[in-house]
Amino acid sequence: MTGDTRRHGDAHRYDDARRPGAPDGDRPAGVIPQQAPTPLGRLVATVERLRREVLEAQAAADGRALVELAKGILIGQLRCTPAAAARQLDVLCRESGMSPLELAADIVNQASRDHVSEIAAEFVERTGAGAGAGTGAGAAAHGGDPADQPSTVSVRLRTAESGVLAVTADTQAVAESLLTNALGPLGAVAVAVWAAEPDGSLSLAGHAGFPPREAARWRHVPPGVSTVARLALGERRLVTLTAMDREGLPSVGRAEWPGGGRMAVPTGTGGRIQGVLEICWPQPLEPQAPQIERQVEALAELCARTMDAAPPYDPLAAEAVLPDVAELIDLAEGLQDPAVVLTPVLDSDGRLADFRIRHTGSRFVDPVGRPRGDVNGALLLEAYPLAAGESGLFDIIERVHATGEPFRAERMSLTALVDQIPLTSVANISVSRHGSAVLLIWRIHDETARLAGLLQHAQRLGRIGGFEENLVTGETTWNAQLYDLHGLPPTAPPVRLGELPGYAHPDDSAAVQRFLRAVLRHHRPASVNLRLRRPDGITRHIRVVAEPVLDADQRLHAVRGAYQDISAQHWTEVALAATRDQLAHTEAESAERSRLALQLQHAIMPPTPQAIEAPGLRVAVRYRPAEIEALVGGDWYDTVVLPSGLIMLSVGDVAGHGIEAATGMVVLRNALRGLAVTGAGPAQLLSWLNTVTHHLAKHVTATAVCGLFDPRTRVMRWARAGHLPPVLVRRGQAEAFPLIEGLLLGALPDVTYVEREVRLEPGDTLLMYTDGLVERRDSSVQESLGHLVHAAAAADGDLDGQLDRLLAESRSDTDDDTCVIGIRVG
């Protein structure tokens with residue numbers, strides 16, 4: 001491989017650079033220069049030199065292992081000595097023009113004929129490259145990165161395989177070897193090896209290229225957390241993510257390379273997934289060619305060798321039970337539910353073919369009634385062939401065996417064949433993996449017993465007791481609930497139907513006698529409500545329902561029926577009747593309060609106000625009450641000519657509805673009108689009005705806009721207290737006043753308000769309004785205000801027509817009062 005050859009060359013140049021007499025100008029990049037002649041400087045230089053030598057030795061060891069493996073193959077094929085094999089390897093290198101690593105990989109491929117050699121051969125077939133096209137001019141002639149040439153692919157995979165075989169017990173070292181020998185030349189910067197734990201969690205078994213602190217944060221991923229590795233584990237295939245910041249899935253190293261690509265592929269052998277190999281690129285990763293994905297899958301297969309701690313299952317071996325299976329069998333015997341222990345059965349290629357029913361527990365119940373001996377030791381698909389159906393039981397067991405994630409389901413249908421007739425049973429299912437085996441637990445539902453249990457629970461919850469009285473034999477049968485209703489011990493004799501009047505309240509005797517005549521004499525089903533007097537002195541309200549049972553000659557044979565305790569229902573009906581009376585009284589009071597509030601509001605703000613004439617202005621008002629009378633609100637408007645000649649314009653809205661809001665509106669409106677005669681500006685008026693709201697109006701908050709218009713200068717000064725700003729319409733264009741500061745009235749005792757002024761021009765229209773005109777439940781205030789501005793610009797014509805169109809086009813859906821003042825400058 002080109003990368004490995006360059007690395008060995010660098011090592012030789014580094015050794016030359018460290019020889020005494022080597023000039024400083026020949027020192028390669030990355031070699032630390034001579035430190036100052038101090039103890040600390042010499043120590044730093046020594047540590048750095050030893051660290052680099054160790055890394056170079058580790059990097060060269062994997063390549064040497066591959067070369068030594070090729071020599072061993074030549075010794076076996078040529079029947080020569082090790083020295084002769086080494087000389088033969090040198091001769092072949094000179095004659096073919098290949099590097100020792102490339103030639104060694106080629107020899108191993110021809111001898112092994114395994115997965116790696118298949119990938120190399122497939123690459124040659126797809127690219128049309130020859131054996132020697134991997135380096136130098138041969139690689140350039142094929143127009144690609146040398147790392148993608150066939151011989152380089154083979155070298156990378158074989159070198160990585162050598163590194164993995166050398167450190168099979170150390171997953172951390174395996175991750176480092178994979179990154180150095182195989183994934184680094186593909187542009188990858190980091191690799192993580194995840195182990196899938198039996199509880200569904202993931203643990204970081206090995207990593208390379210990630211900062212130590214980042215790796216420490218990702219040591220354990222709990223079950224159910226969606227990550228890149230979890231995605232590959234769930235789909236059980238290789239997954240390619242173009243860029244991490246586009247996918248939104250967390251994973252180790254995302255902070256270092258947020259826009260980088262990822263590949264994740266499950267690692268496993270024999271149909272069982274041990275974990276996931278995750279590879280990180282620093283840049284976005286486009287979908288890769290099939291040959292690159294095949295290389296990554298081959299590396300995952302190499303990685304799986306280090307993670308498979310349990311010995312593989314051999315279908316041809318004797319029926320020896322592995323230790324983990326023996327422990328699972330002991331566990332199955334201790335369970336109260338029927339349990340089955342399954343072990344995987346692999347085909348000749350090592351793929352999962354079926355499961356062997358290794359053990360059935362002593363409480364095992366076959367869905368179709370077969371004895372344990374007919375099932376124990378059989379293959380799962382032989383015993384239950386219909387389990388292979390789509391999304392069936394076999395699919396579930398295979399997924400649990402592969403991923404280790406347990407499965408549970410209630411009332412799942414199980415179908416089995418008996419004499420070619422499918423029989424379906426209903427069962428609760430639990431499937432979990434333990435080591436190399438799978439534990440299957442099912443609990444078959446007995447529908448008859450289940451229905452009886454449901455009936456018993458229903459009778460208990462409904463406080464119902466059943467009875468049957470045989471009039472021929474005189475035998476009476478009660479269930480347990482009926483003894484409880486009567487307050488009798490289970491050993492007491494049942495009360496016969498004819499004895500019922502003696503246990504009823506005297507006032508209910510006539511109703512009980514009519515009930516008995518209907519059932520016993522007229523042979524009709526009947527029911528009666530009575531007060532049952534129990535031996536313990538407690539009286540219960542009971543409903544008795546009975547029906548006659550006639551024989552073939554239409555003679556009365558028996559009576560069946562039930563008692564139901566309706567005491568709770570009786571007292572509920574009594575309480576409900578009292579509640580109805582109270583509710584009717586409350587509704588009458590509420591209606592009266594709403595009527596008074598509406599009258600008060602209409603007295604101050606009539607729904608159809610008259611047009612208001614003011615000097616230099618044309619003022620029109622529209623007031624629309626709430627559609628629901630119970631929602632009488634506190635909206636107000638006011639227009640008054642002050643002694644100074646200024647015109648005060650105001651709108652406001654008291655929070656809430658009803659009589660409190662209406663009276664609060666009257667207080668604030670009249671207070672503002674009285675304060676306005678002082679000649680103060682709108683900011684000062686709102687400050688005084690806030691004091692009135694906070695101290696004199698109990699539990700009232702409100703919003704308001706106040707403006708003072710000077711007809712001589714056409715200047716309007718205005719301020720707001722938590723209210724929406726006025727809208728100015730000028731020459732067909734509309735815009736809202738800037739939103740200045742101003743807290744709503746009554747929130748704090750002392751508030752200072754900001755005042756602004758605007759000069760109006762002849763023909764301008766100014767709109768002041770309450771939020772009932774614009775507010776919507778599904779829109780923000782800014783969106784609603786924007787709709788009003790657009791509608792105001794489109795509503796041309798006279799002032800009255802403009803206000804009518806604004807009300808007609810209002811999109812408000814809050815059912816609140818609406819108040820609009822339109823001011824047109826003359």
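Is β5 largely enclosed by the rest of the structure or open, and how many of its eight residues are buried? Six of them are buried, so β5 is largely enclosed. Buried means under 20% relative accessible area, exposed means over 50%, and partly exposed lies in between (1.4 Å probe, protein chains only).

The views below show a predicted model, in which local features need pLDDT of at least 70, side-chain atom pairs count only at pLDDT 80 or more, and totals for chains, interfaces and linings use all residues. Residues are numbered from 1 along each chain as its sequence is written, and side-chain values use heavy atoms, with hydrogens and water left out.

**View 1. The open sheet that contains β5.** Six strands are arranged in the order β3-β2-β1-β6-β5-β4, with antiparallel pairing. Strands (E, at least two residues) and helices (H or I, at least four residues) are DSSP runs numbered from the N terminus, and two strands pair if DSSP finds at least two bridges between them. The edges are β3 (220-221) and β4 (239-241); each has a single partner strand, so one side of each has no neighbour in the sheet. In a regular strand the side chains alternate between the two faces of the sheet.

**View 2. Strand pairs within the sheet.** The antiparallel strands β1 (residues 190-196) and β2 (residues 202-208) are joined by six bridges. In this pair, V191 stands opposite A208 of β2. Strand β5 is joined to β4 by three bridges, again antiparallel, and T240 stands opposite M263 of β5. Between β5 and β6 there are eight bridges, and these two strands also run antiparallel. Here V265 stands opposite L277 in β6.

**View 3. The largest pocket.** A pocket is defined on a 1 Å grid over the protein atoms alone, as an open set of points with protein on both sides within 12 Å along at least five of seven lines; a cavity is a set of points where a 1.4 Å probe fits but cannot get out, and lining residues have an atom within 4 Å of a point. Grid points are joined across faces, edges and corners, and a volume is the space filled by probe spheres set on the points. The largest pocket holds about 760 Å³ of space. It is lined by 23 residues, and those closest to its centre are G268, T269, G271, E301 and R351. Two or more lining residues come from each of β5 (262-269), β6 (272-280), α12 (290-307) and α16 (393-403). Strand β5 gives the largest share, five residues. The lining has seven nonpolar, seven polar and nine charged residues. In these classes Ala, Val, Leu, Ile, Met, Phe, Trp, Tyr, Cys and Pro count as nonpolar, Asp, Glu, Lys and Arg as charged, and the others, Gly among them, as polar.

**View 4. The largest cavity.** The model has two cavities of 30 Å³ or more. The largest cavity has about 100 Å³ of space. Its lining residues include L773, R776, H787, E809 and R811. Helix α23 (residues 781-794) provides the largest share of this lining, four residues. Five nonpolar, four polar and three charged residues make up the lining.

**View 5. The second largest cavity.** This cavity has about 40 Å³ of space. Its lining is formed by F467, E469, T476, W478, V495, R496, L497 and Y563. Both β12 (464-470) and β13 (476-478) give two or more residues to it. By class, five of the lining residues are nonpolar, one is polar and two are charged.

**View 6. Helix α21.** The 18 residues of α21 (residues 659-676) should span 26 Å at 1.5 Å a residue, and the end C-alpha atoms are 26 Å apart, which agrees. The expected span is 1.5 Å times one less than the number of residues. Buried residues of α21 include M665, V666, L668, R669 and L672.

**View 7. Two loop residues with positive phi.** Most residues other than glycine have a negative phi. H523, which is not a glycine, has a positive phi of about 60°. This residue is in the loop between α19 (509-521) and β14 (526-533), and at 30% relative accessibility H523 is partly exposed. R714 also has a positive phi, near 60°, and is found in the loop between β21 (702-710) and β22 (715-721). R714 is partly exposed, with a relative accessible area of 30%.

View 8. C280 is buried at 1% relative accessibility, and C706 is buried at 0%. The structure holds zero disulfides (pairs of cysteine sulfur atoms within 2.5 Å).
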